[in-house]
Amino acid sequence: MEKVEDGSVDVVVCTLVLCSVRNVQEVLQEVRRILKPGGAFYFLEHVESDPSSWTFFFQHVFEPLWYYLGDGCMITKKTWRDIEAAGFSELHLKHIEAPKVSRMIRPHIMGYSIK
């Protein structure tokens, strides 16, 4: 997004994208770069399940196949950690179980961050 000027965007919305990027930290740095002061970053992403769950086990068993069939999608990312570490001034993050989707991608995070 080199052509987008620093601090020129009010809102960035990211839904089910960060699972497929190689470097989540770089993407979040770019989001922060283009956001105006006080700008918001809204997100909804599927993430790794609770380690004590069967979903966690199956996510790790099927991830290589899922990655191949899902065009690079990784179902075991801990994206909330990257967002927490990105340096936003305010973060509102919630872990949810998305209804009516495959058990392996049911764990999600959603929320918003303010620059």
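The following questions and answers explain how several terms apply to this predicted model.

In this predicted model, local features need pLDDT of at least 70 and side-chain atom pairs count only at pLDDT 80 or more, while totals for chains, interfaces and linings use all residues. Residues are numbered from 1 along each chain as its sequence is written, and side-chain values use heavy atoms, with hydrogens and water left out.

Q: Why is Val61 called partly exposed?
A: Buried means under 20% relative accessible area, exposed over 50%, and partly exposed in between, with a 1.4 Å probe and protein chains only. Val61 has a relative accessible area of 44%, so Val61 is partly exposed. Val61 lies in helix H2, residues 54-69; helices (H or I, at least four residues) and strands (E, at least two) are DSSP runs, numbered from the N terminus.

Q: What makes the end-to-end span of H2 agree with its number of residues?
A: The expected span of a helix is 1.5 Å times one less than its number of residues. The 16 residues of H2 should therefore span 22 Å, and the end C-alpha atoms of H2 are 22 Å apart, which agrees.

Q: Where does H2 bend, and which proline follows?
A: The bend at a residue is the angle between axes fitted to the seven residues ending there and the seven starting there. For H2 this angle is about 55° at Glu63, and Pro64 follows within four residues. Glu63 is also buried, as are Thr55 and Gln59 in H2.

Q: Why does Asp71 count as exposed?
A: Asp71 has 70% relative accessibility, so Asp71 counts as exposed. Asp71 is located in the loop between H2 and helix H3 (79-85), and its phi is near 55°, a positive value in a residue other than glycine.

Q: Why does Leu16 count as partly exposed?
A: The relative accessibility of Leu16 is 43%, so Leu16 counts as partly exposed. Leu16 sits in the loop between S1 and H1. Its phi is near 55°, a positive value in a residue other than glycine.

Q: What makes His92 and Glu97 partly exposed?
A: His92 has a relative accessible area of 33% and is therefore partly exposed. Glu97 has a relative accessible area of 49%, so Glu97 is partly exposed. His92 is placed in strand S3, residues 90-97, and Glu97 lies in strand S3. His92 and Tyr42 are 50 residues apart in sequence and 9.5 Å apart in space, C-alpha to C-alpha.

Q: Which residues line the largest pocket?
A: On a 1 Å grid over the protein atoms alone, a cavity is a set of points where a 1.4 Å probe fits but cannot get out, whereas a pocket is an open set with protein on both sides within 12 Å along at least five of seven lines; lining residues have an atom within 4 Å of a point. The lining includes Met1, Cys14, Glu30 and Phe41. Strand S1 (9-15) and helix H1 (24-34) are the elements that give two or more residues to this lining, and H1 gives the most, with 4 residues.

Q: How many residues of each class are in the lining of the largest pocket?
A: Ala, Val, Leu, Ile, Met, Phe, Trp, Tyr, Cys and Pro count as nonpolar, Asp, Glu, Lys and Arg as charged, and the others, Gly among them, as polar. The lining has 11 nonpolar, no polar and 1 charged residues.
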